[in-house]
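Hi,

Here is the structure I promised to pass on. My notes follow below it.

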Amino acid sequence: MNKPFPILNSKRLIIREMKSTDVDIVFAFNSSKDCLKYILREPFQTKNQAIEKLNFFLEANKKETAYWWVFTLKETNEDIGYGGLFDISKEHSRAEIGYGIIQKYWNKGFMSEIIDEIIHFGKSSLSLHKIYAYILNGNQASMQLLEKRGFKKEAHLKEHSFTKGKYWDETIFSLINK
Ligand SMILES: CC(C)(COP(=O)(O)OP(=O)(O)OC[C@H]1O[C@@H](n2cnc3c(N)ncnc32)[C@H](O)[C@@H]1OP(=O)(O)O)[C@@H](O)C(=O)NCCC(=O)NCCS
């Protein structure tokens, strides 16, 4: 039998398992031009696109190649974003981290709370040696979030990806568990 999906807790949020009923938060985030400003995709136009994306996340959770959580405010029960660890390699003890919060909740310290719990889970429960992220140039909030937690710039990839009509530099940030 599969282990129960981990539920994490921070001061103001429950970081809970993503479910097939979570279309609204996946759509809300991915249909916003502002939320996707530094993400390699165009905003979704339809809920079907969100359903497809959600199914992809759920499949990865099932296969344990990822842990995708939804972030829910304890006080109001409102879902404010989602994220997780993905492309998990057991062989190499590493995983990529990704996250997003809907815009009205930015800059309130929510992602800082959440990422601390996710990093702790990655190190203590998955024994990850390395957690890394790709950040598009200009994404100051995401860089600040990671650098404050000890992530270091590891590589700078020039004009690495094309989206929204232009090529973007990307920086890989990583946290190595010593
Ligand atoms: C990146 C993101 C998740 C941060 O979430 P958040 O809840 O607003 O983050 P926090 O409030 O915890 O702030 C984290 C740090 O970034 C800083 N920050 C927040 N917004 C900022 C901005 N627009 N510009 C510069 N710094 C910013 C905060 O001051 C804080 O730094 P501090 O701890 O030194 O004060 C959010 O901006 C987001 O969802 N962006 C769109 C999706 C995205 O880009 N995801 C990451 C892809 S790599």
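Which residues does tyrosine 82 touch, not counting those up to four places away in sequence? They are Met18, Ile25, Val26, Phe29, Trp68, Trp69, Val70, Phe71 and Gly100, where a contact means C-beta atoms, placed from the backbone, within 7 Å.

Before the rest, please keep in mind that this is a predicted model: local features need pLDDT of at least 70, side-chain atom pairs count only at pLDDT 80 or more, and totals for chains, interfaces and linings use all residues. Numbering starts from 1 along each chain as its sequence is written.

Now the core. Tyr82 is among the residues with the most contacts inside the largest nonpolar core, together with Trp68, Trp69, Phe71, Leu85 and Ile114. That core has 38 residues, and α3 contributes its largest share, six residues. (A nonpolar core is a set of buried Ala, Val, Leu, Ile, Met, Phe, Trp, Tyr and Cys residues joined through C-beta atoms within 7 Å; buried means 20 or more other C-beta atoms within 10 Å, exposed 12 or fewer, and partly exposed in between.)

Finally, serine 31 sits in the loop between α1 (23-30) and α2 (47-63). Serine 31 counts as partly exposed because it has 16 C-beta neighbours inside 10 Å, and it touches Pro43 and Phe44, leaving out residues up to four places away in sequence.

Best wishes

How values were computed. Helices (H or I, at least four residues) and strands (E, at least two) are DSSP runs, numbered from the N terminus. Two residues are in contact if their C-beta atoms, placed from the backbone, lie within 7 Å.
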